[in-house]
Amino acid sequence: MNRQEMKEKLKEKLSPKRFEHSIGVEYTAGTMAFIYDIDVDKAMIAGLLHDCAKYVSNEKKIQKCEKRHIPISQCEYDNPELLHAKLSAVYAQEKYHISDSEILSAIACHTTGKPAMTTLEKIIYIADYIEPNRNPLPEIDTIRKEAYSDLDQCLLHILHNTVHYLGTKENKMDPVTKETYMYYKNRVE
């Protein structure tokens with residue numbers, strides 16, 4: 001399946017706003033991949049498909065993950081929206097015929113991040129945050145500049161903002177996000 005066929009299939013599944021976001025992440029990931037000299041096509045596919053299971057209801061996300069024996073943390077049971085990343089990696093494989101483990105891993109960790117991410121994983125995580133269709137977030141202009149000059153600094157900046165934002169919410173923060181933040185904080189400092 002080529003990228004255009006993936007887009008057509010994805011457009012049928014996602015809301016117009018979510019589809020537009022996915023196109024924005026595809027584009028942003030492609031430009032970042034070019035800058036950091038990694039496979040642009042892989043980055044664009046991962047960016048395009050990163051939310052391909054986002055349309056699935058939270059209840060069904062849990063059911064579909066359990067059926068496929070995808071590990072679910074207590075935090076994910078409490079906030080099943082987090083499962084869309086893991087389920088999107090599975091859907092990318094099952095429904096879009098992606099077998100590349102780097103693409104699938106970048107999709108799977110795009111929400112929480114993880115310590116010691118590959119360049120592609122960092123790019124998808126960051127592109128999801130900075131793509132041009134996103135509602136403006138605090139410090140977005142600085143973060144966008146960092147995205148094209150220092151991936152680890154950019155990642156730390158986003159994680160810092162995310163950890164502090166989630167600290168003000170009732171939903172529990174996924175421990176992996178906090179672990180990722182601490183990893184990059186130690187690495188950058």
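Guide: Angles under 35 degrees count as roughly parallel, over 145 as roughly antiparallel, 65 to 115 as roughly perpendicular, and the rest as oblique. This is a predicted model, so local features need pLDDT of at least 70 and side-chain atom pairs pLDDT 80 or more, while totals for chains, interfaces and linings use all residues. Residues are numbered from 1 along each chain, and side-chain values use heavy atoms, without hydrogens or water.

Visitor: What makes α4 and α6 oblique to each other?
Guide: Helix α4 (residues 58-67) and helix α6 (residues 84-96) pack at about 55 degrees. That angle belongs to the rest, so α4 and α6 are oblique. Their axes are 10 Å apart. Axes are lines fitted to C-alpha atoms, for helices over the stretch in contact, and angles run from 0 to 180 degrees between N-to-C directions.

Visitor: Is the crossing of α4 and α6 left-handed or right-handed?
Guide: Left-handed. The term applies if the near helix is turned anticlockwise from the far one by less than a right angle; clockwise is right-handed.

Visitor: Which residues make the contact of α4 with α6?
Guide: Lys-61, Lys-64 and Cys-65 come from α4, and His-84, Leu-87 and Tyr-91 from α6. Contact means heavy atoms within 4.5 Å. By class, these residues split into three nonpolar, one polar and two charged. Ala, Val, Leu, Ile, Met, Phe, Trp, Tyr, Cys and Pro are nonpolar; Asp, Glu, Lys and Arg are charged; the others, Gly among them, are polar.

Visitor: Why is α1 called roughly parallel to α3?
Guide: Helix α1 (residues 3-13) and helix α3 (residues 40-49) pack at about 5 degrees, with axes 11 Å apart. The angle is under 35 degrees, so α1 is roughly parallel to α3. Here Arg-3, Met-6, Lys-7 and Leu-10 of α1 meet Asp-41, Met-44, Ile-45, Leu-48 and Leu-49 of α3. This contact has six nonpolar, no polar and three charged residues.

Visitor: How many helices and strands does the protein have?
Guide: Eleven helices and zero strands. Helices (H or I, at least four residues) and strands (E, at least two) are DSSP runs, numbered from the N terminus.

Visitor: How do you know that the radius of gyration agrees with a compact globule?
Guide: The rule is 2.2 Å times the number of residues to the power 0.38, over C-alpha atoms. For 189 residues, it gives a value near 16 Å; the protein has 16 Å, so the two agree. The C-alpha atoms fill a box of roughly 40 × 35 × 30 Å along the principal axes. Of contacts between residues at least 6 apart in sequence, 61% join residues at least 24 apart.

Visitor: Why is Ile-126 called buried?
Guide: Buried means under 20% relative accessible area, exposed over 50%, partly exposed in between (1.4 Å probe, protein chains only). Ile-126 has 0%, so it is buried. This residue sits in helix α8 (residues 119-130). Beyond four places in sequence, Ile-126 touches Met-32, Ala-147, Leu-151, Cys-154, Leu-155 and Ile-158.

Visitor: What makes Val-90 buried?
Guide: Its relative accessible area is 16%, under the cut-off, so Val-90 is buried. Val-90 lies in α6. Outside four places in sequence, Val-90 touches Arg-68 and Ile-70.

Visitor: And why does Thr-162 count as buried?
Guide: Thr-162 has 17% relative accessibility, so it also passes as buried. It belongs to helix α10 (residues 151-166). Thr-162 touches Tyr-125, Tyr-129 and Thr-177, leaving out residues up to four places away in sequence. Across the protein, buried residues make up 48% of the 189.
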